[in-house]
Amino acid sequence: MPTSDWDKTFPKSAAVDHRKVTFKNRYGLTLVGDLYTPKAAPAGRLAALVVSGPFGAVKEQSSGLYAQTMAERGFVTLAFDPSFTGESSGEPRDVASPDINTEDFSAAVDFIGLLPNVDRERIGMIGICGWGGMALNAVAVDKRVKAVVASTMYDMTRVMSKGYNDSLTPAQRTQMLEQLSRQRWIDAEKGEPAYQPPYNAELRGGEPQFVVDYHDYYATPRGYHPRAVNSKNAWTVTTPLSFMNMPILTYIAEISPRPILFIHGEKAHSRYFAETAYAAAAEPKELMIIPGAVHTDLYDRVDIIPFDKMEGFFRQALG
């Protein structure tokens, strides 16, 4: 059962009402979210935002911080756990799917658009990290969404199928698929999936800086949450299979004429994902680079996350 405790990694705002909600996606899975509503909301129906990410995180982390902050600025917002993770349903636990997780965003739009205080013609979307790519994929197909922000985004289908900076060779890809395919037999024989090693469990020295940055967020009091995959838990070994031949940004140009705002750190190892997605997108679009920021700075650094910019972007797009 979803907890009723405030177990977020950020403090509760006195300017916002909060309640736990549940809703189903198109596959019948029950998703759990946190709904944030401004206490000083004007009369009438409000613009709304649905938020999720990062990949392997839960709504008690970055997405909840984004949602609560934007609710302070007058939006009704919903941060949710994707299927199979956090408090949302789905077995086995901690498995991801580019299709189902894209659907999760549209299911969140279904839910928030039915609320009596929401104007369903004024709904936007925010995707963080790997869920930035999922949000873009969702908005390309879901014409109800009028604007989208992708913050410190990853294209998970690209990084899983091609490696960082597209460094995976065809031979390496073939070997990976061979291993994952055979893992299916092992899982089938045991009747349960095998899991990867725990994420961000410890640093041994010599790791790339972005791995250190991830550990600094997910494995320390700054951002640790026991339900997060990235906080010393793990994805199933075969999770990459459905990502290997499904490029989710194929139709990114079809988001137009609805606007896209990309936000990324100047020093983020993942910056190339946003730059190539920006190049592939059609107008109107904007790429905002945060000076000096690394990937995880845009998870929780409220001093540099451009909430003013996001508010103005959505006000212009949603009215």
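This is a predicted model: local features need pLDDT of at least 70, side-chain atom pairs count only at pLDDT 80 or more; totals for chains, interfaces and linings use all residues.

Trainee: Great, sheet to start with. How many strands form it, and in what order?
Mentor: The sheet is open and has eight strands, ordered S1-S2-S4-S3-S5-S6-S7-S8, with mixed pairing.

Trainee: And which strands stand at the edges?
Mentor: Those are S1, residues 16-24, and S8, residues 285-290. Each has a single partner strand, so one side of each has no neighbour in the sheet.

Trainee: What does the twist average from one strand to the next?
Mentor: The average is 20 degrees.

Trainee: Back to S1. How many bridges join S1 to S2?
Mentor: Nine, and the two strands run antiparallel; S2 covers residues 30-38. To find your place in that pair, look for Asp17, which sits opposite Thr37 in S2.

Trainee: Switching topic: where is Ala107 found?
Mentor: Ala107 belongs to helix H2, which spans residues 98-113.

Trainee: Buried or exposed?
Mentor: Ala107 counts as buried, because its relative accessibility is 1% and the cut-off for buried is under 20%.

Trainee: What does Ala107 touch, leaving out residues up to four places away in sequence?
Mentor: Its contacts are Phe23, Lys24, Asn25 and Leu31. Arg26 is worth a look too: Ala107 and Arg26 are 81 residues apart in sequence, yet their C-alpha atoms are 6.9 Å apart in space.

Trainee: Now the largest pocket. How much space lies in it?
Mentor: About 760 Å³. Two helices give two or more residues each to its lining: H4, residues 156-162, and H6, residues 209-218. H6 has the largest share, with four residues.

Trainee: Which residues lie nearest the centre of the largest pocket?
Mentor: Of the 27 lining residues, Tyr164, Gln196, Tyr199, Tyr214 and Trp235 lie nearest the centre.

Trainee: And how does the lining split by class?
Mentor: There are 20 nonpolar residues in the lining, along with five polar and two charged ones.

Trainee: Thanks, that helps a lot!

Terms used:
Residues are numbered from 1 along each chain as its sequence is written. Side-chain values use heavy atoms; hydrogens and water are left out. On a 1 Å grid over the protein atoms alone, a cavity is a set of points where a 1.4 Å probe fits but cannot get out, and a pocket is an open set with protein on both sides within 12 Å along at least five of seven lines; lining residues have an atom within 4 Å of a point. Grid points are joined across faces, edges and corners, and a volume is the space filled by probe spheres set on the points. Ala, Val, Leu, Ile, Met, Phe, Trp, Tyr, Cys and Pro count as nonpolar, Asp, Glu, Lys and Arg as charged, and the others, Gly among them, as polar. Buried means under 20% relative accessible area, exposed over 50%, partly exposed in between (1.4 Å probe, protein chains only). Contact means heavy atoms within 4.5 Å. Two strands pair if DSSP finds at least two bridges between them. Axes are lines fitted to C-alpha atoms, for helices over the stretch in contact, and angles run from 0 to 180 degrees between N-to-C directions.
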